[in-house]
Amino acid sequence: MTSPIALTAVPSDTDLAWTFATQRQAFAGNPMPPAAQRRQWLKSLRAALLAEQQALIAAIDQDFDGRSADETLLAELLPSVQGIRHAERHLQRWMRPARRSVGLAFQPANARVLYQPLGVVGIIVPWNYPLFLAIGPLTCALAAGNRVMLKLSEATPATAQALKALLERVFPADLVSVVLGEIEIGQAFARLPFDHLLFTGATSIGRQVMLAAAQNLTPVTLELGGKSPAIVSANVPLATAAERIAFGKTLNAGQTCVAPDYVLVPRARLQAFSEAYREAVHRLYPRIADNNDYSAIINPRQWQRLQHLLDDARRKGAEVIDLYPGEAPQGRRLPPHLLLGVNDGMQVMQDEIFGPLLPLVPYDHLDEALDYINQRPRPLALYYFGYDRAEQRRVLQHSHSGGVCLNDTLLHVAQDDLPFGGIGPSGMGHYHGHDGFLTFSKAKAVLAKQRLNAARLIYPPYGKALQRLVYKLFIR
């Protein structure tokens, strides 16, 4: 097992305040960076990621004590680079002021919306995708013309050091600054009077971040999680549904905020789906213990938490099925498990799982499955497997979630032209692509008039005939 890396240059509250003040002063000197400058920022960031990709892969592997290099390429570097390219291509159009109409009663005038940078943006990054969940919001904030401070996770120290070194080579500290440190530094970071604060992480921590931000009336985007359900329909081919659910559940060993948390399966298909899921997982990973394609659980604390979920479920009557019963575990590679006969009294059905454990919940009718979902906190993602268009519409119209995939899992997050964000306990606000540009911009309403001022006709003193005509024409 690799030894942990100590986080160096941990800042104090005074250091954080100084960095924030420096960025705010720099923003005041350049409050509306032109498109060419923003594109150069993005181009430099993309070039650095491509040049340092092997070092980043190695750092993430070290932090996880076993993270698939291909998963880092597919789930971290690819969406990061593609997101930057998307912003580069569309930035000019995003920045263009939007013309709006002016009512006849207020002519002559013109109206437009000017998209202005907010100022200094704070980003708090989680440990499960420590690269993508730093670069994604950073891309949006830079595209919108902001200065950015990033607080990287203390649970991924090697990645934090590598990413800090990379960003310090690319950007001056008054444009992008990386903050390292333990929980106390994270708390102090959240208390800074940012112009916007984006947090990705657990719902419980999100509440604390929002409370800290409220002291400064800082607007927040919270990307949380929750228990994202998958629904298997009565007619979809089980092999297809099982394979796509297995991919979504086992990527990064289930340590994904939009991973399928549990699956609602028609009661009559429960056993067949269990077998199809077992076969699908074994096709993806013929073995687990020494398979470098399968990622490890991030640290002993998370490993123990998942073991507790399994023990609690067994003790309360669930059937717990280890899909690799003959293998002796190596390191923290936790084999995928199925859980049958679960109920709401089990911890695994109360907390977000964030690991390769998959409960199956039987249902008899689609409305019953939707009722089950709607009686619980609104999830970050929902997955429906079935080709009937009427049933797809029913699922979309009679459920709430941050995002939806029909007949797939996870991949909606990788679409740069779709907003990503939760609802209620799974988060608030959106980013990615144009939606991220809008999140980190102030849409400033501008009404412009020149020499002629027809509005003088409605100025006091009131009671004039022309005013009565205006009321007659427009208040109806």
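1. Arg-267 is partly exposed at 44% relative accessibility. The cut-offs: buried is under 20% relative accessible area, exposed is over 50%, and partly exposed lies in between (1.4 Å probe, protein chains only). Arg-267 forms a salt bridge with Asp-364, and their closest N and O atoms are 3.0 Å apart. A salt bridge here is a side-chain nitrogen of Lys or Arg within 4 Å of a carboxyl oxygen of Asp or Glu. Asp-364 sits in the loop between strand S12 (357-363) and helix H12 (366-374), and Arg-267 in the loop between strand S9 (262-266) and helix H10 (270-284), so the pair ties together parts 97 residues apart in sequence. Asp-364 is partly exposed too, at 45%. Helices (H or I, at least four residues) and strands (E, at least two) are DSSP runs, numbered from the N terminus.

2. Basis of the values. This is a predicted model: local features need pLDDT of at least 70, side-chain atom pairs count only at pLDDT 80 or more, and totals for chains, interfaces and linings use all residues. Residues are numbered from 1 along each chain as its sequence is written, and side-chain values use heavy atoms, with hydrogens and water left out.

3. Other salt bridges. The count comes to 16 by this rule. Asp-195 and Arg-24 meet through their side chains at 2.8 Å, N to O. This pair links distant parts of the chain: Asp-195 is in the loop between helix H7 (183-190) and strand S6 (196-200), Arg-24 is in helix H1 (residues 13-29), and they are 171 residues apart. Asp-195 is partly exposed, at 22%. Arg-24 is partly exposed, at 34%.

4. A pair inside one helix. Lys-164 and Glu-168 form a salt bridge, with the closest N and O atoms 2.8 Å apart. They are four residues apart in helix H6 (residues 157-170), which means a separation of about one helical turn. Lys-164 is buried at 14%; Glu-168 is partly exposed at 47%. Elsewhere, Asp-312, Arg-315 and Lys-316 are linked in a salt-bridge network.

5. Nonpolar cores. A core is a set of buried Ala, Val, Leu, Ile, Met, Phe, Trp, Tyr and Cys residues joined through side-chain atoms within 4.5 Å. The largest has 120 residues, and Leu-150, Leu-167, Phe-273 and Tyr-277 have the most contacts inside it. Helix H5 (residues 132-143) gives the largest share of this core, nine residues. A second, separate core has 20 residues, including Leu-16, Ala-188, Phe-199 and Ala-213.

6. Which residues does Leu-167 contact, leaving aside neighbours within four places in sequence? They are Leu-45, Leu-138, Leu-150, Val-176 and Val-178. Contact means heavy atoms within 4.5 Å.

7. Helix packing. H4 (residues 69-95) and H5 pack at about 10°, with axes 9 Å apart. H4 is therefore roughly parallel to H5, as angles under 35 degrees count as roughly parallel, over 145 as roughly antiparallel, 65 to 115 as roughly perpendicular and the rest as oblique. Axes are lines fitted to C-alpha atoms, for helices over the stretch in contact; angles run from 0 to 180 degrees between N-to-C directions. On the H4 side, residues in the contact include Ala-75, Gly-83 and Leu-91; H5 contributes residues including Phe-132 and Thr-139.

8. Gly-422. This glycine lies in the loop between strand S14 (403-406) and strand S15 (427-428). Gly-422 is buried, at 10%. Beyond neighbours within four places in sequence, its contacts include Glu-223, Leu-380 and Met-428.
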